[in-house]
Amino acid sequence: MTLNFTPAGGLLAELDLLRVELAGPIAHVQLNRPGKRNAISDGMLQQLQTAFVNLPAGVRAAVLSGAGEHFCAGLDLTSLSESTVAEGVMHSRMWQGAMDTLQFGRFPIVSSLHGAVVGGGLEIASATHIRVAETSTYYGLPEGQHGIFVGGGGSARVPRLVGVACMTDMMLCGRVLDAQEGLQRGFSQYLVGAGEGFAKACELARRIAGNAPLSVFAITQALPRIADMSQPDGLFVESLMAAIAQGDEGAKQRMRDFVEGRAAKVRRPS
């Protein structure tokens, strides 16, 4: 069952390449260039960053989707122009900044994937925290075939999901992964039937929004950074985050509820 979303107002309503909706603590941001298979231009990327920076303070989780038959077919190559090396570096840094806004923003993002998740679209998906794929989903990195290289953080994020060897194969040989192989390798955490992705993403976003805020902060902000640290440094940061999270009054109440039998216990999947 999906949520009752209503259109966002103000600045968010002015973003003509996106559709932004709200339902209590859940936001829905949709890439909205279906006629272009949601291909990403600089303008669309900047609007995406603007949307996530300016969502209301009460938002606790977001769903990111794509209108039409595809999540995102990658970079809009028609928007590229010849540039110097310095201009290319700055362009890449702009893309990386937008992706950092997704990964290290105020709340977790659940992406609902279907159809093409290719190139820049895969970079966007890999910057989200939970990925739900429909059976129509396929993943590609055609940059090697186009004579270019990823520039939106893909070389840092994609190998953490599927490994360097898999990404190398996709870029050098043009290999495309279908939804099932994407699930097995780690591009998605959930695989659902056609047309079921958005509802599942909303269900997960509702679950996330109900978690203790400091715990969510530790998971989204500290966990990926700890993974990049040496083990002794990571363990020290883990101790700090554990102490901060459990010191929150909301967390203390949740623990009391669990100890006193008022909270659900972990069960074997049915």
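Asp169, Arg175, Glu181 and Arg185 are linked in a network of salt bridges. A salt bridge here is a side-chain nitrogen of Lys or Arg within 4 Å of a carboxyl oxygen of Asp or Glu. The model is predicted, so local features need pLDDT of at least 70, side-chain atom pairs count only at pLDDT 80 or more, and totals for chains, interfaces and linings use all residues. Residues are numbered from 1 along each chain as its sequence is written, and side-chain values use heavy atoms, with hydrogens and water left out.

Glu181 and Arg185 both belong to helix 7 (residues 179-185). They are 4 residues apart, about one turn of the helix. Helices are DSSP runs of H or I, at least four residues, numbered from the N terminus.

Accessibility was computed with a 1.4 Å probe on protein chains only; buried means under 20% relative accessible area, exposed over 50%, and partly exposed in between. Glu181 is buried, at 19%. Arg175 is partly exposed, at 32%. Arg185 is also partly exposed, with a relative accessibility of 33%.

The whole structure holds 8 salt bridges. One of them joins Lys200 and Glu203, whose closest N and O atoms are 3.4 Å apart. Both residues lie in helix 8 (residues 197-209). Their spacing is 3 residues, about one turn of the helix. Lys200 is partly exposed, with a relative accessible area of 21%. Glu203 is likewise partly exposed, at 34%.

Cysteines were examined next. A disulfide is a covalent bond between the sulfur atoms of two cysteines. The criterion applied was a pair of cysteine sulfur atoms within 2.5 Å. The search of the whole structure found 0 disulfides. Cys166 is buried, at 6% relative accessibility. Cys202 is buried as well, at 0%.

Gln103 lies in helix 2 (residues 85-103). Its relative accessible area is 16%, so Gln103 counts as buried. Contacts were defined by heavy atoms within 4.5 Å. Residues up to four places away in sequence are not counted; beyond them, Gln103 touches Ala127, His129, Arg157, Thr220 and Pro224.

Notes. Helix = DSSP H or I, 4+ residues; strand = E, 2+ residues; numbered from the N terminus.
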